[in-house]
Structures are given as structure tokens and as C-alpha cells.
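Dear colleague,

Please find below the structure that I am handing over to you, followed by a summary of what was found in it.

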Amino acid sequence: MSTKPLNTEEIKKELIAKMPTKVARKRAKAMVPGAEGGDIPEIQANVRTIPGIITQRGCTYAGCKGVVLGPSRDIVNLTHGPIGCGFYSWLTRRNQTDAGPDGENFIPYSFSTDMTEHDIVFGGMKKLAAAIQEAYDNFHPRSISIFSTCPVGLIGDDIHAVARQMQEKLGITVFANSCEGYKGVSQSAGHHIANNQIMKHIIGTDDDTPVEGKFKVNILGEYNIGGDAFEIERILEKCGFTLIATFSGNSTVDSFRIAHKADLNTVMCHRSLNYVAEMMETKFGIPWVKVNFIGAEATAKSLRRMAAYFEDQELMDRVEKVIAEEMLEVQAVVDGIRPRTEGKSAMIFVGGSRAHHYQELFGELGMKILGAGYEFAHRDDYEGRHVLPNIKVDADSRNIEELEIDPDPTRYSPRKSAEEMKKLEECGLDFKGYEGMIGGMSKDAMIIDDINHYETEKIIEIMKPDIFCAGIKEKYIIQKMGVPLKQLHNYDIGGPYAGFKGAINWYHDIDRMVNTKVWDLMKAPWQQGGPELEASYVAS
Ligand code: CFM
């Protein structure tokens, strides 16, 4: 352990010092300092984890089934695979939902074909068709979605053929996702696959249901973890927006079908849903803007952007009124807590968007971010979307289908003319824009992609943060080092953290975590000068 504070270059050297040369060279490319408004360095991202390294990442199936489609309440999400895949993707993310007026909520269930050796040898397609039939007979859902796991890809079951056949038989939407766990380098590939299938099979399939409302929007990439979407819905309603669909927290398949009637798409998690945002713009003419409802200030800023887009004074006034009203309580709580959190430090290594979004909330408490990184994000999430044309498409990404989308012959209708868009852009509305994580981070902060367990322990030893944010795989190892860990995937038992009320919940939780004395009271045996067994010769 070093005694003097190190600069980012020295930290990097220390992190890779004990690695074999080839590994060290590769890992070094995934470590950069913050840019603080200056030139943004290139970072290595979305490449394979080196075998043998303990990564934070999940698999492609997890990204498709668990992340993107799992939170939809009235789609029967059926895993075609061994029971473990279905079991371990069942309710672990704490994505919540209303039961809805029809009470149709399948989230508490885990649907699986429970493949066994027999199916691997003789094929599982008959079993899959039977499982779809059984789910239909029991629940009569509006839609059934199938997810393939690794063995399905290896034996070659044609899940799409089974889906087509059962759709014809049952008369409901049945669609399949070829999201075998090994398909990509992480769960990110699964997001893309789910985006493609939602776009192909669901979005825009209902032209008849009318949608009332003057300011119609969708939220893309919000999964209602710990009730975040409930808080965002509350705020949007108070402001006067009509939220048609959220992809996919607290959502229904019927809302996806009419999502093409919105006039603006807002993108919360850029990593997991940017593909749908792009495709809906091309096909239907709906522009999209990036928003962030994590952080009270960020929420206010996002609401103002949304109101600015609609160019309606009444809406803008109402949004300002809501912000002023909500900020009263937020400010009172921050003022009480900030003297206890000011100057403390945090690290956030999680996912593909939260490691950036949550920096806002820490900033509101006066806390400093010493290090951050994503598990599976791409370079654009770090460096900003302007790097997209420079990203080399490697073999792993080429594995994932790129849909060719054209403007819909009858339903494409640009919501704003080119001049209107230009005018809005000049007023600061950044369409299709996302600046990424690196630009706003301080020059002495470390940014590390796909951090592993070894690097995690090492960076904690070197930089000693007051709190670390990650997930369950990291939690107890880090807490054994005497550093509190806040889970940012499922929020532990906390949340919501989005919006104004969510920010207040966060301030209280972080205050408790960084100011508790428990970590100082807990001494590891070797820190107490014991308890190695001591023995002495007593024989004379
Ligand atoms: Fe988007 Fe997510 Fe995240 Fe993500 Fe995830 Fe998640 Fe996450 Mo866990 S979709 S990228 S794949 S915000 S499950 S709700 S918390 S890693 S930062």
C-alpha cells in the first residue's frame, strides 16, 4: 500500500504491476483519467473479458431477458433452457410493477422449459411448443416471448419457427430472441437483440387505439428498479406530459404497440435502448433526447428540455412550477445532510449508465467521485456519441443483427420540420446527443472499463473511498475491507432514487452509510494484532 496520494498514471501502473505482460497491456487500455472539459481520451470498451479474470459482467441472455423484456408485466417471458438460467434471472433486480387494471402481472413467475440432457440430445423444439401451449392455457397472455440460452444455440433449436407456428395457432404475438449467453461479450448484446425483436414484432402494431394528450412522450431505458418509474410517472403527470410507454419498467405490451404515437422519445439508459430510439426516429419520425432523472438537478434539467421541445409556454410554466414546488423539500433535506457528507468520496463501478447518472446525486451531497466505470458499456457511453463513426465493429459485435429500417411508407411523419429542429438545436436542445461519462469527470479520477475483482481491491487500497457502489458479487468482499457498499443494480432494499422524492431517499441512505461508525469499530483480526495462533516450546 502506498503512503502518498498517487496521480492517475501512477495508480494505473500500480493496478497492472502484478499482471502478466500481455494482460497488463490489454487492461491498461481500459483505464483513463477524467477529462474535466478537456480532450477526451480513447478508452477500450465492449471487448472480451480476459479468460480467468473475475468480471462483474453478465451474459447476453441476462441483458435480453432479465434487463430489457423482463420488467414488462403482461408478456409471458419464457426461458428455453436449463432451469438455472430461468431461476437466476427471476426477480433478482427488484424491478417493480403495478398489477394494472386487469391484474395481469406475470413478473412473480419464472417460466422455463426446464431443458434436460434428453432435450439436448434429441432437440427441445417440441418441449418449447408444449411449454408455450401450457403457458397460454393457464394464463391467456397477450404475448409470449421466448429466450434462448447457451445450449439452445449449440444444438440448433429453431425457436423462431416454433414462435411462428404457435403465433398462428394461438392468435397472439409470439416472438423469439436468439440471445444465447455466449452470443456477445456481455449483456449489452442482449439489449440489442431485445431492441430488434420489440421493434420487429411489437412497436407500432396498433394504429387504431387513440391516444389523447397534447405532449405525448415515451421513456426508453427505465426499468422501475426500486420503484423509480413510479416517481418519474408522478412527476411527468404533474407537469402535464402524457407518458405512452416506458421501455420497460411498469409497462404493458399494449403500450408498446402504440408507442409510435408519441411526439418525443426520451432516453434514460442510453446503453440498453438507444437502438429503439434510433429505429423509431427512422421509421416514424420521432426525435429523441437524452434525459436523466437521477439527481434532483438532473431531473429539473430533463423536464426543462422536454418542455422546450414542445415549445408551449403553458407547459414550460407548469414545469417551472413543479420544479420550484418539489425543490423546496429537496433543498431542505440537502441543507440538513450536506454538512455531514461534504468532502467525502465515492466510487461507482456498475452497468452501462448508472456509473454516470449517479455522479449527479453524489455531487448534490458535495461528495467527490474518485473512480467510476461501466461493466459493459461501449466507447460512446464513455466518450460521447460523436465517436460512433470511429468505433471499429469487431467480430463479436458483428454477431448481432443490425436491422435495416426504412421510413414507414404510410406512418412516417417527422414531428418537427428540419428548420424547427435546427432552431431548437440552436437553443441548446441536443437531439440524439449523449456526452458520455469521461468529459465531466475530474482529472484525478480513474475511469476503468470492466473492472475486475483484483483491480477493485487494489484501487480501494490505493484511493480509499468512503463508499463504493457496485453489485452483489462485489458487496461482501468490499465490506470486508471496511468500505460500505451500495448496490446500484437492485438498490439493496432501498429506492426509489429517481426524481425529486427519490433524491431525498438517496441523501438519507448515503448519509447513513458514510457516517455510520460501524466500519471503524469492525477490525479484522490482523488489524488487532492477532489472532495468529501463537505457540511456544514448553518442554524443558
Ligand atoms: Fe441500463 Fe439498467 Fe444500467 Fe443496464 Fe444492468 Fe440495471 Fe445496471 Mo444492473 S439497463 S445499463 S444491463 S440502467 S441490470 S436497470 S443496474 S447493470 S447500470
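How many residues of the shell around the ligand are nonpolar, how many polar and how many charged? The shell has six nonpolar, six polar and two charged residues. Please bear in mind that this is a predicted model. In total, 14 residues surround the ligand, and the closest are Arg93, His191, Cys269, Ser353 and His489.

I turn next to the strands. Strands of a sheet pair through backbone hydrogen bonds, either parallel or antiparallel.

Four strands form an open sheet in the order 7-6-8-9, with parallel pairing. Strand 7 (242-248) and strand 9 (288-290) stand at the edges; each has a single partner strand, so one side of each is left without a neighbour in the sheet. From one strand to the next, the twist averages 25 degrees. Within this sheet, strand 6 (residues 216-222) runs parallel to strand 8 (residues 264-267), and four bridges join the two. Asn218 stands opposite Asn265 of strand 8.

A further set of pairings involves strands 2, 3, 4 and 5. Strand 2 (residues 75-80) is joined to strand 4 by six bridges, and the two run parallel; Val76 has Ile144 of strand 4 as its bridge partner.

Strand 5 (residues 173-177) is mostly covered, with five of its five residues buried. Thr173, Phe175 and Asn177 lie on one side of strand 5, with Val174 and Ala176 on the other, and both faces are covered.

Among the helices, helix 15 (residues 354-364) has nine of its eleven residues buried, so it is largely enclosed by the rest of the structure. The buried residues of helix 15 include Arg354, His356, His357, Gln359 and Glu364. Gly366 follows helix 15 and has a positive phi, near 75 degrees.

Two individual residues may also be of interest to you. Asp381 is found in helix 16 (residues 379-383) and counts as buried, at 0% relative accessibility. A polar atom of the Asp381 side chain lies 2.9 Å from the backbone nitrogen of His378. Leaving out residues up to four places away in sequence, Asp381 touches His270, Arg271, Gly352, Tyr374, Tyr434, Gly436 and Met437.

Gln56 is found in the loop between strand 1 (31-33) and helix 3 (60-69). Gln56 is buried, with a relative accessible area of 5%. Its side chain reaches the backbone oxygen of Phe349 at 3.3 Å. Apart from neighbours within four places in sequence, Gln56 is in contact with Phe349, Val350, Glu375, Asp450, Ile451, Ala470, Lys473 and Glu474. The C-alpha atoms of Gln56 and Ala161, which are 105 residues apart along the chain, are separated by 34 Å.

Yours sincerely

Methods:
Residues are numbered from 1 along each chain as its sequence is written. This is a predicted model: local features need pLDDT of at least 70, side-chain atom pairs count only at pLDDT 80 or more; totals for chains, interfaces and linings use all residues. Side-chain values use heavy atoms; hydrogens and water are left out. Two strands pair if DSSP finds at least two bridges between them. Axes are lines fitted to C-alpha atoms, for helices over the stretch in contact, and angles run from 0 to 180 degrees between N-to-C directions. A residue is near a molecule or strand if one of its heavy atoms lies within 4 Å of it. Ala, Val, Leu, Ile, Met, Phe, Trp, Tyr, Cys and Pro count as nonpolar, Asp, Glu, Lys and Arg as charged, and the others, Gly among them, as polar. Buried means under 20% relative accessible area, exposed over 50%, partly exposed in between (1.4 Å probe, protein chains only). A polar contact is a pair of N or O atoms within 3.5 Å; within protein, one must be able to donate a hydrogen and the other to accept it, and residues adjacent in sequence count only if both atoms are side-chain atoms. Contact means heavy atoms within 4.5 Å.
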